[in-house]
Amino acid sequence: MALAGVRVVELAGLAPAPFCGMILADFGAKVIRVDRTKVAMAMDTQARGKRSVAINLKTSEGVALLRKLCVQSDVVLEPYRKGVMEKLDLGPQQLLKENPRLIYARLTGYGQSGSYATAAGHDINYLAMSGLLSRLGRSGEKPYAPMNLLADFAGGGLTCAMGIVLALLERTKSGKGQIIDASMVEGAAYVGSFIWKSRSIGLWDRPKGENMLDSGAPFYDTYQTSDAKYMAVGAIEPQFYKQLLKGLELDAAALPPQMSFDDWPKLRRIFTECFASKTQADWSKIFDGTDACVTPVLSFDQVSSHPHNQERGSFIKDSNREESPRPAPVLSRTPAEPCVASNPVIGEHTVEVLEEYGFTSAQIDQMLTAGIVECNAVKAKL
């Protein structure tokens with residue numbers, strides 16, 4: 001796999017950092033998640049392919065152990081607010097002195113500088129600060145966040161993973177590591193670059209929810225079918241719009257022009273009535289094989305059984321028969337090989353990992369007895 005041989009220490013966190021770690025693991029990196037001791041259950045639902053080491057960081061010995069793991073690794077991924085790692089004397093400046101090749105990724109909401117650097121927040125806050133939230137929502141309604149996808153995962157975990165891969169690539173030339181300051185505010189804003197840069201061509205001149213791509217246009221929206229399901233319509237270009245009208249059995253000559261903004265409400269009412277007359281399956285049959293840009297809105301229960309997704313193997317099942325998306329993109333020579341085993345129990349691999357990092361059985365036993373580390377390998381096998 002593309003990242004085979006890369007050692008990653010991921011400090012346990014929520015959502016964005018675990019996603020970043022899972023991406024790295026999916027593509028071959030050896031990702032070690034460092035959990036706290038005396039924790040009953042891991043909150044990491046994106047632990048695929050990772051191993052867990054439980055370390056008591058409230059002890060000086062635990063901090064020293066983590067330092068050893070970090071400086072013997074290629075990447076450190078930490079999700080804490082500014083200053084937390086420095087208080088443990090595990091900040092990037094300290095660790096890079098011991099391992100100049102180390103890549104230290106800091107994934108936070110507001111970044112490592114600025115007046116909000118130490119402030120708490122969640123996806124909706126970061127999205128608000130990026131400017132994007134102001135553009136999301138229906139006309140006349142308040143802004144809404146599309147779950148916690150844009151800042152946490154697109155602007156956070158995925159962007160941080162890209163930064164890590166870029167730093168690994170650069171290291172092959174310079175031989176040096178570096179610090180990655182991954183701000184979810186800036187990551188989300190960067191993902192929204194098209195919106196920023198297309199303002200000059202008039203795409204967003206109208207109020208929120210009244211433009212072509214933000215649910216304002218009747219030919220770029222979703223419509224309910226007779227069986228209470230939905231179809232997605234994205235017939236922007238004239239040739240695709242023509243195919244849409246054909247599938248709906250509508251006469252273009254009897255309708256307002258496609259780009260007549262004032263007539264969009266009327267067109268929406270017509271499309272709404274049309275789509276409500278047939279089931280989702282009926283409409284899928286009508287539009288499959290056309291260039292109308294009309295597709296069914298598939299539920300999680302439907303996606304893996306859709307013929308296209310089946311043919312590509314777009315969704316996979318783990319050993320517990322739980323379904324999730326296959327890693328993307330697909331590389332031709334070194335594709336991801338996602339682990340199908342159960343997610344690790346906290347401390348499941350403590351002994352195994354410490355042995356790999358050069359600790360003797362006697363040293364490990366001593367740390368277990370002193371409560372510096374925990375191992376739950378036996379519990380994991382029950």
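Predicted model: local features only at pLDDT ≥ 70, side-chain atom pairs only at ≥ 80, totals over all residues.

1. Strand E5, residues 103-108, is mostly covered, with six of its six residues buried.

2. The burial of E5 concerns both of its faces. Ile103, Ala105 and Leu107 are buried on one side, and Tyr104, Arg106 and Thr108 are buried on the other. In a regular strand, side chains alternate between the two faces of the sheet.

3. E5 is joined to strand E4 (residues 75-78) by four bridges, and the two run parallel. Within this pairing, Tyr104 of E5 stands opposite Val76.

4. E5 is also joined to strand E6 (residues 179-183), here by five bridges and again in parallel. Tyr104 has Ile179 as its bridge partner in E6. Tyr104 therefore counts as buried, because its relative accessible area is under 20%.

5. Three further strands form an open sheet in the order E7-E8-E9, paired in the antiparallel sense. Strand E7 (220-224) and strand E9 (294-296) each have a single partner strand and stand at the edges, so one side of each lacks a neighbour in the sheet. From one strand to the next, the twist averages 25 degrees.

6. The antiparallel pairing of E7 with strand E8 (residues 230-234) extends over five bridges. One of the paired positions involves Tyr220, whose bridge partner in E8 is Gly234.

7. Helix H10, residues 264-275, lies across E7, E8 and E9. The helix runs at about 40 degrees to E7.

Technical notes. Residues numbered from 1 in each chain as written. Heavy atoms only, no water. Buried < 20%, exposed > 50% of the residue type's maximum accessible area, 1.4 Å probe, protein only. Pairing = 2+ DSSP bridges. Axes fitted to C-alpha atoms, helices over the stretch in contact; angles between N-to-C directions. Contact = heavy atoms within 4.5 Å.
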